Amino acid sequence: MLCQICKKKEATITFTKIVGGQKTEIHLCKDCASAFSDKFSIFPLPQFNIDDLLAGLLNAIDLYHKEEGVVPGKEIECSNCHLTYNEFKQSGKLGCSVCYHDFREQLTPLLRRLHGNSEHVGKIPRQSKGKLDKIRKIKQLRKELQELVLKEEYEKAAKTRDEILKLEGVLKKKNAK
Amino acid sequence: MQNKDKSIILQNLKDSTAEWTNGQGPLSDIVISSRIRLARNIEGIPFSPRAEQAELKNIFELCRQVVEKDPLFRDSNLLLLDELTPLESQFLVEKHLISIYHAREKRPYRGCVFNQKETLSIMVNEEDHFRIQYLLSGLQLNNIWKLINEIDDEIEKKVTYAFSEKEGYLTSCPTNVGTGMRASIMLHLPALAMVNGINDILKAISKIGYVVRGFYGEGTEVMGNLFQVSNQITLGLSEEEIIDNLEKVNQQIISKEQKVRKELLSNSKSQLEDQAWRAYGILSSARIISSVEAMELLSKVRFGVGLGIISHLNLGILNKLMLLIQPAYLQMLAGKVLDPFNRDMQRAALIRNEISK
């Protein structure tokens, strides 16, 4: 059947209109159907709903765990605000900053799916900056230390080790505060 | 911070025009405004939806302390939403100072800080403790990032943010974690809408991690051919990368709109002139007009101004009108609650008055 608007292309889409119990059908090609639906706003704009997306993802991850044979243990709960993981799954909202720590195992795959990534690389608050810089420095020094040991440069290695110990000491003190 | 009574603050707000509507920023014929918001929470206090009343009060008071003496907030006001009527809250939504969610939520101690130019606003105890937003006219996300970053640093001198080395700034919803940053650009795309080119673009950009929303953000309808495009990914990219990517996507949409505008001008100039002047004719003579019809006609006139067809009006007046004609704003201006019929009359009178100035 040909499209009833342009009368040129093959009709592939049928609109059914029911007014006062009377049914009329109109057969259109893809292009005319798109113009037609825009004009009468038959299709609402694709409204993106982040909550739906999140709920879908959470369920998908659950399913994945099941397939992988991960046995669901007893309900996990945040040690600080006592939000349970199931409650989070329902609302999509975490309760407090400790939730991120206590649910990390479950959240990491979720964050990876939501953002394509699970590690922050953006801005760092000033208060954390010194600490974070030290952690990054320690990581780098450890790498260097390994290389030095392989090269049997023990004197330099000892110096690097002392530097690491010193930085770790500073961090421990800070954490203890 | 200015220490003013709620009624004085609202009175001033009613009479003032937000700077971001002035239509003078880069690419203003297509880009109405750019916006960045940062979601921030205070360490050691549950996120607002799970906080106790006393904790919510603490957050609100903390915000008051932050803005009270800081020179950055010298001309700012702080409103407690509990004290506002639903109409007044809705008015703040229509001013783009708070979200619809913030206006309708029943949680106590929700607040809103905003500066005189209405470029900066902070929602207190929304889904996150602080949601800082900055708005400017036209396409200028980089400038906004500079400004909002300073404000964020300033606030951080007085509070400790909930932050983890791994996940970044921690937020109530995992969709905001990391940078906590949502950048968005409000576009006016009448030419693309005329040739039915919008849906294809929307579909394409939603596949690559961007979200399109209506004039008033999440869950609102598109009206007047205005579209808000924003980033969805907040974790694993730096703030600069998020801005850069969003600008690139928008540049693509903008150049499409420009191309179609050019084509329409060379092929159907008379029809465009007719469309713009007809819309102007109705707006300058109608006695009763709904907000949906007004938005549609304002979009057509704005299109005409952008193309140089109508030269005695500027983009600023049209941007401003798109806000003024909203239901709560109209009633605030009238100083009383109006039924829909009276609103439609009030709206028609207001538009006639503004465009014949």
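Colleague: Where does A:Arg113 sit?
Modeller: A:Arg113 is in helix 5 (residues 104-115) of chain A. Helices (H or I, at least four residues) and strands (E, at least two) are DSSP runs, numbered from the N terminus.

Colleague: How should I read the numbering and the letters?
Modeller: Residues count from 1 along each chain as its sequence is written, while chains are lettered from A and ligands numbered from 1 in the order in which they are written. Keep in mind that this is a predicted model: local features need pLDDT of at least 70, side-chain atom pairs count only at pLDDT 80 or more, and totals for chains, interfaces and linings use all residues.

Colleague: Back to A:Arg113: why does it count as partly exposed?
Modeller: Because A:Arg113 has 16 C-beta neighbours inside 10 Å. A residue is buried if 20 or more other C-beta atoms lie within 10 Å of its own, exposed if 12 or fewer, and partly exposed in between, with C-beta atoms placed from the backbone.

Colleague: And how far is A:Arg113 from A:Leu57 in space?
Modeller: 7.7 Å from C-alpha to C-alpha, although the two are 56 residues apart in sequence.

Colleague: What does chain A contain overall?
Modeller: Chain A has seven helices and two strands, and the order along the sequence is β-β-α-α-α-α-α-α-α. Of its 177 residues, 15% are buried.

Colleague: What average pLDDT does chain A get?
Modeller: The average for chain A is 77, and 73% of the residues score at least 70. pLDDT is the predictor's confidence in each residue, from 0 to 100.

Colleague: OK, chain B now. How many strands form the open sheet?
Modeller: Eight strands of chain B, in the order 2-3-4-5-1-8-10-9, with antiparallel pairing. Two strands pair if DSSP finds at least two bridges between them.

Colleague: Which strands stand at the edges?
Modeller: Strand 2 (77-80) and strand 9 (210-213) of chain B. Each has a single partner strand, so one side of each is left without a neighbour in the sheet.

Colleague: What does strand 9 of chain B pair with?
Modeller: Strand 10 of chain B, antiparallel, over four bridges. B:Arg213 stands opposite B:Gln228 there. Both faces of strand 9 are covered: B:Tyr210 and B:Val212 on one side, B:Val211 and B:Arg213 on the other, and all are buried.

Colleague: What about strand 8 of chain B, how many of its residues are buried?
Modeller: Eight of its eight residues. Strand 8 of chain B is joined to strand 1 by seven bridges and to strand 10 by five bridges. B:Arg37 stands opposite B:Arg182 in strand 8, and B:Met186 of chain B stands opposite B:Gln228 in strand 10.

Colleague: Switching topic: which domains is chain B divided into?
Modeller: Domain 1 (6-262) and domain 2 (268-355); such bounds come from an automatic or database domain assignment. Their C-alpha centres lie 26 Å apart, and 20 residues of domain 1 of chain B are in contact with 24 residues of domain 2. Helix 3 of chain B gives the most to the domain 1 side, with four residues.

Colleague: Which residues of helix 3 of chain B are buried?
Modeller: B:Ser89, B:Gln90, B:Phe91, B:Leu92, B:Val93 and B:Glu94. What covers them includes helix 4 (100-104), strand 3 (111-114), helix 11 (315-324) and helix 12 (327-334) of chain B. Just after helix 3, B:His96 takes a positive phi of about 65°.

Colleague: Last one: how many residues of chain B are in contact with chain A?
Modeller: 37 residues of chain B, in contact with 36 residues of chain A. On the chain B side, helix 7 of chain B supplies the largest share, three residues.

Notes:
Two residues are in contact if their C-beta atoms, placed from the backbone, lie within 7 Å.
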